[in-house]
Every structure is written in structure tokens, then in C-alpha cells.
Amino acid sequence: MAELEKIKVLYIDDEVNNLIGFKASFRLDYKIFTANNTPEALLHLSKHPDIRVIFCDQRMPDKTGVQFFKEIKSIYPHPIRILLTGYTDIEAVIEAINLSNIFRYVTKPWIDADIISSIEEASRFYMANSMIFIKNEELQKAYDELDKFAYSVTHDVRGPLLSILGAIDVAQYVDNIPDLRDMLKMMEESVKNLDSYIQNIHDYHNVKRGELHIEEIDFNEIVKEQEEIFKLTSRLKNIKLAINVVQHEPFRCDKISLKMILNNLLSNAFKFQTKDNKDKCVDLNIQVATGTAIIYVKDNGIGIHSNDIGEIFNMFYRATTEQNGAGFGLYNVKDALIKLNGEITVQSELGEGSVFKVSIPNK
Amino acid sequence: MTARKRHFIVIDDNKLDCFIAEKIILNTGVSEKISVFDDARKALEYIREEIDFTPGSKLVILVDIQMPMMNGFEFVEAFESLPEETRNKFVVFMLTSSINQSDLNRISNYTSVLQLLNKPLSVVKLTSMMAVLS
């Protein structure tokens, strides 16, 4: 078994001979740490937080094993505690169970088979506990997001619906045709918002729960697709789209995530433009070299306030009322990049524009 | 009962909702003036500086809850920290699409909020609001 995979065991005893004997008997199967006193044991624990099992002698000059376990219980709750003693002292047993929540009680001199079975049992218990701990953390995170989700649904889904409902009501006594047209335009916006929210939920779910499908990526092909999507916006809103792709080496990644990332960044770049600017432009630059894809999405739009830069990747965060949106897009981008071991950074100047830089390693 | 015409301040980041509110207020014939803000911070600035109002006639604020940058709660908190003399010129109504109980509970803590109304605003709702006022 490789050294790394061995279960880490710590043994504390004031009798050096016991330590030597213990190490000699079990070092082939386990990674054994020994300590002559409790300060030394604490040093091991702080250096090796993944120690799974701790054996401790009960009668030591500085403190008892029970005292030691009681002390470390809250600082190092994960290692499994086993008390080792030559005295069958019922008081100590009671204390050990009640105060230091030990897993087992092994008598000295020990039988090797007892120690081995204790370590194996303790390790299984440790694994099960760690699993529960990890799952609990994941569950808590999922619950928190679900709460945010449920909350946002009332605003981001119900909001546009109620707006449309209100507009229908008002439309019944508006006779002025241009006014009605304005309203229809705004209703259309509401419907589009609702639709993009649903699209975002779909992306969110894909990123969270979906498996990555790693395949060969041709950036020219992906970019061409995005170009088609934004062609109309580009023409209608008079925003120039400049594209530059340099890919001389194969690149492997998850295509769906890549498309989602590009689409969100481009969509933001097109969305957050300065109204009166005569030379609106969006710049997409992709360089694939030495196993990394670097993507720049640059715009000369409204920019991001420095106070908001730290927040824009948070779920449901919106930095402006200028444009509609649920505050979902960049959250999904960041989440996808975490899965791809990628990174995103942003540089922005209010009124000057923003540059998003994404780097993704080849898979 | 002669209804007094009032100055309305509508605060909502959603353009359509602002438009609806404006139309309804106009059509109900209860307003002498409507000011619309898509950013609560601008509205707050306006309220702080607004001195041009008819004595004895309170200005009516309609504020949405969920807005970016400054939401309805933050707006009301900022409003409540204004000097009493300024606050007395206004009545505050909150409008929301929220069905979230903790939002609703939170609103009941704000003494300056006269009523919470569900979106969308309608002639019937506005009329009953006005009835509360007079």
C-alpha cells in the first residue's frame, strides 16, 4: 500500500518502550505517529489534520488520557479516540465514556489483533462520519440556494407576470395607439425577461447537476455560432462586434459550459452599452496556447462601479437598474468555471467599459 | 368628500410597472403631479431636497420592494432616518410582487409604511388607498 493511502494513527504514551513497540508492530500497515507527551501529540495533530485514530495511554505524568481527549474533543472533533490502559479502573472507564466520548477502550499489554481491529473499526467510523459531514455541508449549501431560489422565483417570475397583468388591465382604457404600442413593447420585454430567467435556471441546473462531457473544441465553430446569435442585436443596436480567434493546438473541454460562458459574457457586453455612444463595440478575443484558452470579452459600455465588482458574481446580484436581468448570468459563469478549474477576472472603469478575462485549462 | 389632488412619487426599477402606475394615477384623476424614479437613491435625494409642495397636502410615495442597488426596505430605513419635519410631508405605500412571509413581516416593522399593496396596481387599489388618506 502506498504511504499516502495508509491510515494515520497517533499513539501517545509516556513510556518510550511502548511507543517503540507499537510503531514496530503496526508501521507496515498504518502510518504511525508517536508522542511521548500531550504537547507533542498536539503538534502532530496540528501538522496532520487527517490523523484518523488516536490511541492514548490513561496514566501519564502531565495529565490523564481522559483529560487529554476531553481537551482535544472540540478542537479536533474528527479523529476517533481510543483509550489504552493497564489498569482496569472503573472510574476511568466511566469518565472516558462520559467526558471524552471514546470509541473504544483497549487494555494493556495489548494484543495486536485488538489494536488492528480497533483501527479498522475506528477508520470505518471515521469515514462514515466524514462522509456525513461533507454531505451535510453540501446539503446546507443546497438548502441555502433553494431558499434564495424560492425567493427569487416570486420576484423574477411573478414580477414580469404581474407587470403584464397590470398592463393588460390598463390597456383596457387606453385609447392612444402610440401609448398602447409602448406598452406592448414593454410587455414584450417582460416576456423576454421571464424567458431568459427560465433559460438561466436551465443553465444553472446544467452546471450544478450535469456531468461534464469533455470533447475536442474548435473555437472557430463555437464563436461562429455565437456570432449568429448576436448578429441581429449587433445590427439593430448598432454595436460593432469584433472577433479574433487564434487556435493552433487541440483543446479539450465541455462544450455546453463553454458556450454558456461565452453567451453570458457576450450578452452582458451587448446589454450594458452606453446609450448615446456612437461607436459601441464588443470585442471577443480568444487565444489557445500551451494548454490554456484565454478569452477576453471587452466592451466600451457603462462599466462597473468598483463597489460592485466584488459582488457581480453573486447569485441574484444586480448592479444597475439600466437593464433588466435576474442577476443570474455571471453566477452561472463563475460556477461553470469552478467546475472546469478555470478563472475569471474583470477590469472595469465606470463609463469606460469592462474587460472580462477567462482562462480555462485544457482537460 | 372632495378628493384632494396629490403629488405622487413612484419608485420602481421596472419600466412597465412605472408606466402602469403612472397611467392608473392619471386615469384615476387623483394627482396633480407624478414623479417617477427607477433608482430609489435618486428618489431619496429628491425627497431630501424637495421643498416645493403644497402645505397640508401630503405627497404620496409608492415604492417597490425588490430593486437593485437600494431596495424598498433600505429606502424606507433611509426615509425613517430623515428629520420628522421632512417625513411628515409624505405618506409611504409599498408595492410588491413578493409572497414571502418574512418580507411581509419586515414591512410591518416600519411605522412609516401606511399600507402594503400587492402588484399590479389597479384603479380599485388606488381608489382604496386614497380613501385611507382622506
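**Two chains and the surface between them**

In chain A of this predicted model, residues 24 or more positions apart account for 65% of the contacts with a separation of 6 or more. Contact here is a matter of C-beta atoms, placed from the backbone, lying within 7 Å. The secondary structure of chain A consists of 10 helices and 12 strands. The chain has 363 residues, and 32% of them are buried.

For residues at least 6 apart in sequence, 68% of the contacts in chain B join residues at least 24 apart. Its secondary structure comes to 6 helices and 5 strands. Read from the N terminus on, the elements of chain B follow the order β-α-β-α-β-α-α-β-α-β-α. Of the 134 residues in chain B, 37% are buried; a residue counts as buried if 20 or more other C-beta atoms lie within 10 Å of its own.

The remaining topic is how the chains meet. On one side are 23 residues of chain A, which are in contact with 24 residues of chain B. Two elements of chain A, α5 (112-171) and α6 (177-209), are the ones that give two or more residues to the side touching chain B. The largest share of that side comes from α5(A), with 12 residues. Sorted by class, the side of chain A that touches chain B has 11 nonpolar, 8 polar and 4 charged residues.

The description of the interface given here is in residues. The size of an interface is often given as the accessible area lost when the parts come together.

Notes
Residues numbered from 1 in each chain as written. Chains lettered and ligands numbered in written order. Predicted model: local features only at pLDDT ≥ 70, side-chain atom pairs only at ≥ 80, totals over all residues. Contact = placed C-beta atoms within 7 Å. Helix = DSSP H or I, 4+ residues; strand = E, 2+ residues; numbered from the N terminus. Nonpolar A, V, L, I, M, F, W, Y, C, P; charged D, E, K, R; others polar. Buried ≥ 20, exposed ≤ 12 C-beta atoms within 10 Å, placed from the backbone.
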